Amino acid sequence: MKREVKLLIWSSIIANAILFGMKYFAGIMDNSVAIIADAWHSLSDTMTSVIVLVGFKVAAMPPDKEHPFGHGRAESIAALMVGSILGMVGLNFAIESGMRLASAETTHYGAYSAYIIGFSIIIKEVLAQITIRMGKSLNSQSLIADGWHHRTDSISSAIILVGLIFGGIGWWFDGVAGLGVSFMILYAAYEIIKDTIDGLLGETPDANMLHEIIDISNAVDNRISSIHNLKLHSYGEHKELNLDIRLPESMTVVEAHNIADMLEHKIYEQYGMKATVHIEPGIIVS
């Protein structure tokens, strides 16, 4: 695992643990379900960061007899766990917020809560920016998911801060704010789980990659008459691409093999991914 990733994850764990304690105390003092929900959201960030840390360590293990493609999908499993935890947190606080609205209980926010929530917004958005940026640079699903987890915490805290500043809005604000936080958490969970499952099931390359691969094939040999049936499989940082090409029926096996081998090599040079080319007979291109 890269040193900067490890440092970022441990910083996230420590920061979220501290924020949980501060926000939970503020929520108890003000009897606010929204602030308590936000506190548990911060604690869930701590748990998900631990999962991401473990996922990175397992994903870095080399291939072995039982896992010839390596352990890269451990990171995807970590991302699924992050999404599942987010979903449970969101559902739980949607229920609690509904109960708060049903009871019509008034919440009186203190100044301490406003300072804590404001501080939390800044810290969590900084963590989100750094984590998402690093996740994109490393093409890491679990880091990007963890970054969005930070961002949903920052956004939920911002909603609560509005209530703290405009405390006279009404008795219903705490419950409505809690529901707003819950729905954002649930949506983030949905996006994380959907994207991760897409990667695990296998994807079709996007239009830009498809056009680039067609250009590569034309440069390799203009007798390739068709490229189709592309399937992209992700194993963490290790990716594999399967594709079919058509070559003239009159071509020798050696010629066809050399063209397929060259295309695989060029795709690896361009994308750093292993390609497997299946050859189909096609019409002769003059």
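**Notebook: aromatic pairs, a pocket and a buried histidine**

I began with Tyr190, which is partly exposed in this predicted model, with a relative accessible area of 48%. Tyr187, which I looked up next, has a relative accessible area of 52% and is therefore exposed, the cut-off for that class being over 50%. Tyr187 and Tyr190 both belong to helix 6, which covers residues 173-201, and because they are three residues apart there, about one helical turn separates them.

I then asked how many aromatic pairs a search of the whole structure would find. The search gave five aromatic pairs. One of them joins Tyr24 to Trp40 in an edge-to-face arrangement, with 6.2 Å from centre to centre and 85 degrees between the planes. Since Tyr24 is in helix 1 (residues 3-30) and Trp40 is in helix 2 (residues 33-59), this pair ties together parts that lie 16 residues apart in sequence. I noted Tyr24 as partly exposed, at 32% relative accessibility, and Trp40 as partly exposed too, at 36%. Back at the two tyrosines of my opening entry, I found that Tyr187 and Tyr190 form a tilted aromatic pair, 6.4 Å from centre to centre with 35 degrees between the planes.

I also recorded that Tyr24 and Trp40 belong to a cluster, linked by ring pairs, that takes in Phe20. For a contact of another kind I turned to Trp148, where the charged end of Arg151 sits over the ring, 5.1 Å from the ring centre.

My next entry concerns the largest pocket, for which I noted a volume of about 710 Å³. It is lined by 32 residues, of which Ser140, Gln141, Ile144, Asp195 and Thr196 are the closest to its centre. I listed the elements that contribute two or more residues to this lining as helix 3 (73-103), helix 4 (111-138), helix 5 (141-165), helix 6 and strand 1 (226-235). By residue class, I noted the lining of the largest pocket as 13 nonpolar, 11 polar and eight charged residues.

Is His150 buried or exposed? I found 0% relative accessibility for His150, so it counts as buried, that class being under 20%. As for what its side chain touches, I noted a polar contact between the side chains of His150 and Ser12, at 3.1 Å.

Methods
Residues numbered from 1 in each chain as written. Predicted model: local features only at pLDDT ≥ 70, side-chain atom pairs only at ≥ 80, totals over all residues. Heavy atoms only, no water. Phe/Tyr/Trp six-rings, centres within 6.5 Å; stacked < 30°, edge-to-face > 60°. Helix = DSSP H or I, 4+ residues; strand = E, 2+ residues; numbered from the N terminus. Buried < 20%, exposed > 50% of the residue type's maximum accessible area, 1.4 Å probe, protein only. Lys NZ or Arg CZ within 6 Å of the ring centre and 35° of its normal. 1 Å grid on protein atoms, 1.4 Å probe; cavity = no way out; pocket = protein on both sides within 12 Å on 5 of 7 lines; lining within 4 Å. Points joined across faces, edges and corners; volume = space filled by probe spheres on them. Nonpolar A, V, L, I, M, F, W, Y, C, P; charged D, E, K, R; others polar. Polar contact = N/O pair within 3.5 Å; in protein donor to acceptor, adjacent residues only side chain to side chain.
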